[in-house]
Amino acid sequence: MKKLLILFLFISCSDTIYIERPTQEVPETLFMPQAVGLKLESYIVEDKVRINTKLPRDGKYRIKILDFSNTIISQEIITGKEGDNILNIYVKSLPVSSYTVELYTKNNIFVGRQNFSMK
Amino acid sequence: MKKLLLLLLPFICLSQDLKLDHSYTNSPDFQVGDTITIKFNTIQITENVNPNLYVFDYEYNNKLLQKIEHRWKVTDNETNTNAQVSLNHWDGYKFNFSDDYDENDLSAQYSNAWVGTADSYPSNSDWSVERITIQDGVGITYSNTLIEIDFKIKDKINTDYTNYNNVTHLNWMRAEDNSTSTLYDVDAMQQKITLSDVEGGDAGSVTINLKTSNDKPTHYKYDILQNGSSVADGYFDANSQAIVSGLENDIEYTIDIKVDDELASDWLDDVATVTDVFLVFKEAIGAGSSPGGTTNTFTHSIQFLLGEVNNSGNVDFDDSYVLLSHIMNENISEWFTSSANGSKNVWGEKNQYGYSTNDYYFGQKKHFTPTDDTKVFDFGHGLIGDVDFSHSFEPIVTETPKAQTVAGYAEDLDLDISTSLVNGKVEMIVNIEKEDIAGMQFIIEYDKSILEFEEVKFNTGNLLTNFASERENKIYFGSISVENNENIKVGEPYKIVFNPKQTITNTAGLVYFKTTDAVTDTGKKIILKIK
C-alpha cells in the first residue's frame, strides 16, 4: 500500500504528459508476432490485398512492388506510425503475374518482404 | 570426431519437414509428339507439420517440351476443396541456383537464391518458369496430387540438345503455416525429370528463328510462300521460333514476317519514343557526336530506313517532327509504326538484314532454301520509327568496324519515382539527379476504377518541349530539348496528380511504371532503373 502511494505521488508530481496513441485494430489474419516487418492478408490476390506494415518508429517508409525479374514497377512513400499500420496493395491495374512487396525506410534500409500471386 | 558426426547424422537428416515431388504419370517409351503428364505432390516427413501455404517455382526446357495445359487437383481432395490456387508463367528465364546449398534443398534455395536476389532469374531463352501458389485455411494434405501439367515432347533435331535429360527442375519452395508465420524445411524428392529413349522426330522440320529485341515474339506471324502462293503460316512461339513442316528440300521459299496489329495494340505506341525523336533530329541536323559537328548520328545504315517516317525518301527535320508529334499524341503521318498506323515491318535474313546490296534493299533478303544440311534459318525484324532498336533487331556489325552499336552507348541511371497520398490527392513524383538529360519519356498505367487523372505539373526548364497525354488508362508524358542546349532540370521535373474516386488508405499499386526512356544531350540512350 505504501509503495502504491509513493507511485501515485510520483505520477501526480511529474510534469510529463502521457499521450495515448490511438491503436489500430489488427485483424487476426494480419497479426504479426515480430516487432517489425510486413504481412499480407492473402498470398493469392484479385483486386486488392490488405497488408500490415509493422514499423519500428514513426516516419516515412517505401512500399515497393517488384515484378518477376525483381524490377520495381510501383513504389509508394507512406507516412507510418510505430507499430501496426493496416494498408492496401491495389493490384487491379497490374498485369496478372506474381509480385514481391518490399518495405524499406525512406533511405532504403530494408524492413520486410512478402510475395503474392494474382489469380 | 567420426563418432560425433555419426551421432549428428540422424539430426541432420531430420531437419527436413516435407518433400516436394514431381514425376510423369505416363509409361515410357516416349515418341516425339507424345503428350506426357507431370504431377506435383508433397510428402510428409515430420509429424504435426501442416503448412497451409505453398509457393514453389519449377522450370522446363521449352526447346524440348511444349506446355499444353494444367489441371488443379488439390481442390479435389476432401480437405482442401476451398483452397485458393494460382499459376503464373514466364518464358525466357532460368533459375540461378545457389552453389552454397544443395539443389534438392528447396527451402534453402528459396531463402538464399531467390528472396531478395537481383539475379535469381537471368534470361535464358531455352527455359520457361511457372510459379504455383496454393493457400488454404487448413493444412494442405500430403501425398495427394496438387496439380497436373501436360506437355508435348518436341523434336530435338533443331536444338543444341542431344538428349532429354533434366527437362524439368524444381527450383525452390516456401511452405508455411500462415497462422503462425512458421516456415518449414522442404527437400525435393525428384528434383529433375529425365525422359529416356525418346524416339522418332520429323527430319523434315524447318526452324525459323525470329530475331528481335521485342519481348513479345508471340505477337509476330509468318507466312511462307512458294511462287507467290502461301504454303505454311502461323505465329512464332515464346522462344521466337516457328517449327514448320511440309516444306521440300532445294526449293526456294519467301517468308513474310509481320506483327499482328491486334495482338500488339497495347505496345505499338511504345515503339517510337523520345530517344528515337532525338536520334532522328540529331541525324537530320548533322550533329553527330556533338551539336556543332557534321557527322552521322546513325551507326547502321538501316536506321535511315527506320527513321524515314514521312515517305519523303530521306531522313530530315520533318521526320523528327513526325515522331515528336507522335509522342505528343498527334498523328501526322501514316508511314511509321503506331497503334493508329499499325506495324510497319522490315525483315531479312540475319546476316544480310540491314546491309544494302544490289539485290536486297537495306538487306531485306526474304528468301531461304532448305537442304539436307540446312534446316534452321534466322531472320532479323525491325519496325519503321524504331531507330534505337528498342523493338527491332540491331544488325550484326560487320560492314563498318568503327561503328558503335546503339546498345553499346547505353548507360544505366537510377531514378526515384514514387506515389503518395497528399491532401486527399494521389501524387506521383519523378526525381532525377543527372544533369545532361535532353529527352525523357514515361508511360505509366493507373487504376481507372479508383483514380481520375488530373494533370502533369512540369518543372523541367524554360526552353524544353513538354508533353502529356492520356490514352485509355495510360499517361504518356515527358520532355525533349531539340532546338537548344538546355537539359531537363534536376530535382523534381514531373509531378502527376490524380483524384481518387473513392476513399483509399494509401496508393501502393494504383500506378505502375510501364515504360521509361531517356537520352542524353550527346544522343546516348539511358536505361532508367527505378530504385
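Analyst: The discussion below treats these topics one after another. The model is predicted, so to speak of it one applies limits: local features need pLDDT of at least 70, side-chain atom pairs count only at pLDDT 80 or more, and totals for chains, interfaces and linings use all residues. Residues are numbered from 1 along each chain as its sequence is written, chains are lettered from A and ligands numbered from 1 in the order in which they are written, and side-chain values use heavy atoms, with hydrogens and water left out.

User: Which strands of chain B does strand 22 of chain B join, and how do they run?

Analyst: Strands (E, at least two residues) and helices (H or I, at least four) are DSSP runs, numbered from the N terminus. Two strands pair if DSSP finds at least two bridges between them. Here strand 22 of chain B (residues 411-422) runs parallel to strand 30 of chain B (residues 525-530), with five bridges between them. Within that pairing, Asp412(B) stands opposite Ile527(B). Strand 22 of chain B also runs antiparallel to strand 23 of chain B (residues 425-432), through seven bridges; there Ser420(B) is opposite Glu427(B).

User: How many residues lie between strand 22 and strand 23 of chain B in their hairpin?

Analyst: Two residues lie between them, and Asn423(B) in the turn has a positive phi of about 50°.

User: How many aromatic pairs are there over all chains?

Analyst: Rings of Phe, Tyr and Trp (its six-membered ring) pair if their centres lie within 6.5 Å; planes under 30 degrees apart count as stacked, over 60 as edge-to-face and the rest as tilted. By this rule there are 30 aromatic pairs over all chains. Phe95(B) and Phe97(B) are edge-to-face, because their planes stand at 75°, with the ring centres 4.8 Å apart. Both Phe95(B) and Phe97(B) are buried, a term for under 20% relative accessible area, while exposed is over 50% and partly exposed lies in between (1.4 Å probe, protein chains only). A tilted pair is formed by Tyr446(B) and Phe498(B), at 5.0 Å centre to centre and 45° between the planes. This pair links distant parts of the chain: Tyr446(B) belongs to strand 24 of chain B (residues 437-446) and Phe498(B) to strand 28 of chain B (residues 491-500), 52 residues apart. Tyr446(B) has 0% relative accessibility and therefore counts as buried; Phe498(B), at 0%, is likewise buried.

User: Which residues form one aromatic cluster?

Analyst: Phe68(A), Trp90(B), Tyr93(B), Phe95(B), Phe97(B) and Tyr121(B) form one such cluster.

User: Where does the charged end of Arg471(B) sit?

Analyst: A charge sits over a ring if NZ of Lys or CZ of Arg is within 6 Å of the ring centre and within 35 degrees of the ring normal. The charged end of Arg471(B) sits over the ring of Tyr476(B), 3.7 Å from its centre. In chain A, Lys64(A) lies over the face of Tyr104(A), at 4.5 Å from the ring centre.

User: Which residues touch the most other members of the largest nonpolar core?

Analyst: A nonpolar core is a set of buried Ala, Val, Leu, Ile, Met, Phe, Trp, Tyr and Cys residues joined through side-chain atoms within 4.5 Å. The largest has 38 residues, of which Tyr54(B), Ile134(B) and Leu195(B) touch the most other members. Its largest share, five residues, comes from strand 8 of chain B. Contact means heavy atoms within 4.5 Å; not counting residues up to four places away in sequence, those touched by Leu195(B) include Tyr24(B), Phe30(B) and Ile153(B). A second, separate core of 36 residues includes Leu38(A), Leu103(A), Tyr121(B) and Val129(B).
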